[in-house]
Amino acid sequence: MATNVRALAARCCFAVVDKGRSLGDELPKAQAKIEGKDKGLLQELCYGVLRYLPALEYDLRQLMDKPLKGKQRVGHFLILVGIYQVKHTRIPDHAAVSETVAATKPLKCDFLRGLINGVLRNIQRNLAKENSAENTANLPDAIKYSHPSWFIKKLQSAYPEQWESILTANLERPPMWIRVNQQHHTLEQYLLLLQQADIEVELVDKKSSAIKLATALDVNKLPGFVDGWVSVQDGAAQQAATLLNSQAGDSVLDCCAAPGGKTCHILELTPELASMTAIDIEESRLLRVKENLTRLNLTAKVITADAASQDWWDGQLYDRILLDAPCSGTGVIRRHPDIKWLRKADDIEKLVVLQQQILKNIWSLLKPGGTLLYATCSILPEENSQQIQQFISENNNAKLVPTSDNTNDIGWQILPNEQSMDGFYYAKLEKQPA
Ligand SMILES: C[S@@+](CC[C@H](N)C(=O)[O-])C[C@H]1O[C@@H](n2cnc3c(N)ncnc32)[C@H](O)[C@@H]1O
């Protein structure tokens, strides 16, 4: 079993890029094999390689004519792990090189020792620097910005002014945002607890009470985390409960609920709801909803169900519905860089159709006068403003309610790193009485 951190990183990147597996599944399994600080290093190496994959591969091509193939592919990713360390981390070069070479043993590719050593020494001696991806003008955008070409083209067409800043934001490390459980403390009280614990706050979003920390830290260091005083949730995701604006006595449906961040936030803000129903198609992901409800001491009806069907429905209409739709995830690439390599161009059309089906189905479960909040963590207009525009044009009982200061927009598109938040989209629809 490979317990060398670099070897594990190479295996994880191989599983994501070549085998199409999610880093969210692979990384925890690999982390379980190692201790303490090494878990963080492993995460850093995997995230780094997946963030800069095309640029790292470009650098490697400058030094190696033939790429490693077949059984040697894990070795290919090990070299990328090495180049990433030399170029993007503060790990001393000698340690980065020797530890990466040492990882050939658990990966059973000792024959690559000389090659890896040579490539990394070359990078280290700056011989490759002039030709490195960052320093070469006129390189294809896919290498310069380390994103797939199909995605860059879509962004160029949707955001002619902002596409470059979006791509650059996607390469950044995401900040840690927290959500104060207002059942326990007001925002001000919890800010004081953070101050007493010497935890530095960088930003507070007064509208949603979201707090951005100056540095990411272990959740167990947050005052009262185990007792449910606080949760980790991006500032953009924390807008959902405020926008839904549920009231005492409402029956609420969260129809793509796992892992339950928004379900719990709605319950924290409105504990006196008549009912909260949280459904998701993936039973295993609903376990996370149950864990979160338990930690926060909240209650909801949790049902494994397809939101595009009504098999599960008890016939009672809802006052408010949150549809946090399955989407491309293109707004959260800085948090999940594997999305760039797992998501394919033709997935988008299929997702748009699925979103349409769910939207149409759950609209019929909403009371006249009720509110539906449509949300995605996508920045592609076809999943967002175009989706909602089409829905409104086909449903004359659907009225768009403003969600941002810009009342002319169809919904609220948050771009990645705008006010330090993830890329997100919200549109609020009111059902007009017949
Ligand atoms: C963006 S995530 C939801 C995140 C969640 N709202 C939160 O804040 O923690 C989308 C969810 O939709 C679920 N999903 C996908 N297709 C579905 C369907 N047809 N019916 C119900 N849930 C579905 C996925 O399993 C996934 O958990």
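Modeller: Contact here means heavy atoms within 4.5 Å. By that rule, Leu42 touches Val5, Leu8, Ala9, Leu27, Ala30, Gln31 and Ile34, leaving aside its neighbours within four places in sequence. This is a predicted model, in which local features need pLDDT of at least 70 and side-chain atom pairs count only at pLDDT 80 or more, while totals for chains, interfaces and linings use all residues. Residues are numbered from 1 along each chain as its sequence is written, and side-chain values use heavy atoms, with hydrogens and water left out.

Colleague: Thanks! Why does Asp324 count as buried?

Modeller: Buried means under 20% relative accessible area, exposed over 50%, and partly exposed in between, with a 1.4 Å probe and protein chains only. Asp324 has 17% relative accessibility, so it counts as buried.

Colleague: And what makes a polar contact with the side chain of Asp324?

Modeller: The side chain of Lys262, at 2.6 Å. The limit is 3.5 Å between a pair of N or O atoms; within protein, one must be able to donate a hydrogen and the other to accept it, and residues adjacent in sequence count only if both atoms are side-chain atoms.

Colleague: Where is Asp324 found?

Modeller: In strand β8, residues 318-324. Strands (E, at least two residues) and helices (H or I, at least four) are DSSP runs, numbered from the N terminus.

Colleague: How do you know what span to expect for helix α16?

Modeller: The expected span is 1.5 Å times one less than the number of residues. Helix α16 (347-363) has 17 residues and reaches 24 Å from its first C-alpha to its last, close to the 24 Å expected.

Colleague: What makes α4 mostly covered?

Modeller: Eight of its eleven residues are buried, including Leu53, Tyr58 and Leu60.

Colleague: Which residues touch the most other members of the largest nonpolar core?

Modeller: Leu23, Leu42, Val49, Ile79 and Ile83, out of 48 residues. Such a core is a set of buried Ala, Val, Leu, Ile, Met, Phe, Trp, Tyr and Cys residues joined through side-chain atoms within 4.5 Å. Apart from it lies another core, of 46 residues, among them Ile152 and Cys264.

Colleague: Last one: why do β1 and β4 count as paired?

Modeller: Two strands pair if DSSP finds at least two bridges between them. Three bridges join β1 (177-180) to β4, so these antiparallel strands pass. Ile178 stands opposite Val232 in β4.
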